[in-house]
Amino acid sequence: MPHVRRFDHVGLTVADLDVVTAFFVALGLEVEGRTFVEGEFLDTVCGIPGSRTEIVMLKPPNDGTRLELARFVRPDSVPGSPAAMANELGLRNVAFEVDDLRAAVDWAAAEGYGLVGGIGEYEGTWRMAYVRGPEGIVVSLAERVS
């Protein structure tokens, strides 16, 4: 019997919730809600007693899998490696299909977020690029070619 009913969301812990939220909203996601979470529930689930976090839930324009951004109010966040490359263990990217890859990459560059490598094409069906967004978050952008 399968245990998974659906893919609900991906969660990212960030330092500057406003900057990261603005990046993903400008990319095309919509804010579904923003709230603080603390108390027994959060302490139990994350295993950090006395924790408090602020969360923004983002959704794609056509519904689907959400992106949860969380900023810990307490305890202080522990820095990760914002320059991590694709072969470093852990969550490496958040991926989105876009209508116009070049326009999305140009927008990111104008906002100060550059490519990790370049724009590649996979077997004549997808064009894809990694953009290093705020706080080093790698955002995979892909456009269907055919």
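## Burial and overall make-up

A residue is called buried when its relative accessible area is under 20%, exposed when that value is over 50%, and partly exposed in between. By this rule, buried residues make up 32% of the 146 residues in the chain, which is seen here as a predicted model. The accessible surface of the chain comes to about 9,200 Å², and carbon and sulfur atoms account for 54% of that area.

The chain holds 3 helices and 8 strands, and from the N terminus on these elements follow one another in the order β-α-β-α-β-β-β-α-β-β-β. Taken along the principal axes, the C-alpha atoms fill a box of roughly 50 × 40 × 30 Å. Among the contacts in the chain with a separation of 6 or more, 52% are accounted for by residues 24 or more positions apart.

## The largest pocket

Rolling a probe the size of a water molecule over the atoms shows where empty space is left. The largest pocket of this model has a volume of about 680 Å³. It is lined by 26 residues, and of these the closest to the centre of the pocket are T13, G80, S81, E135 and I137.

Which element gives the largest share of this lining? It is strand β1, which spans residues 9–13 and supplies 3 residues. Sorted by class, the lining of the largest pocket divides into 14 nonpolar, 7 polar and 5 charged residues.

## The second largest pocket

The second largest pocket contains about 330 Å³ of space. Of the 13 residues that line this pocket, L27, G28, P61, E97 and V98 are the closest to its centre. The elements that give two or more residues to the lining are α1 (17–27), β5 (94–97) and α3 (101–110). By class, this second lining has 9 nonpolar, 2 polar and 2 charged residues.

S51 lies in the loop between α2 (40–46) and β3 (52–59).

Leaving out residues up to four places away in sequence, S51 touches V37, E38, G39, L42, D43, C46, F72, R74 and P75.

P75 is placed in the loop between β4 (66–74) and β5.

## Two residues with positive phi

D63 is not a glycine, and yet it has a positive phi of about 70 degrees. This residue is found in the loop between β3 and β4. The relative accessibility of D63 is 44%, and since this value falls between the cut-offs of 20% and 50%, D63 counts as partly exposed.

E123, which is likewise not a glycine, has a positive phi of about 45 degrees, and its place is in the loop between β6 (120–122) and β7 (126–132). Which side of the 50% cut-off does E123 fall on, over or under? With a relative accessibility of 63%, E123 lies over 50% and therefore counts as exposed.

Methods
Residues are numbered from 1 along each chain as its sequence is written. This is a predicted model: local features need pLDDT of at least 70, side-chain atom pairs count only at pLDDT 80 or more; totals for chains, interfaces and linings use all residues. Side-chain values use heavy atoms; hydrogens and water are left out. On a 1 Å grid over the protein atoms alone, a cavity is a set of points where a 1.4 Å probe fits but cannot get out, and a pocket is an open set with protein on both sides within 12 Å along at least five of seven lines; lining residues have an atom within 4 Å of a point. Grid points are joined across faces, edges and corners, and a volume is the space filled by probe spheres set on the points. Helices (H or I, at least four residues) and strands (E, at least two) are DSSP runs, numbered from the N terminus. Ala, Val, Leu, Ile, Met, Phe, Trp, Tyr, Cys and Pro count as nonpolar, Asp, Glu, Lys and Arg as charged, and the others, Gly among them, as polar. Buried means under 20% relative accessible area, exposed over 50%, partly exposed in between (1.4 Å probe, protein chains only). Contact means heavy atoms within 4.5 Å. Accessible areas come from the Shrake-Rupley method with a 1.4 Å probe; for residues, only the protein chains shown count as cover.
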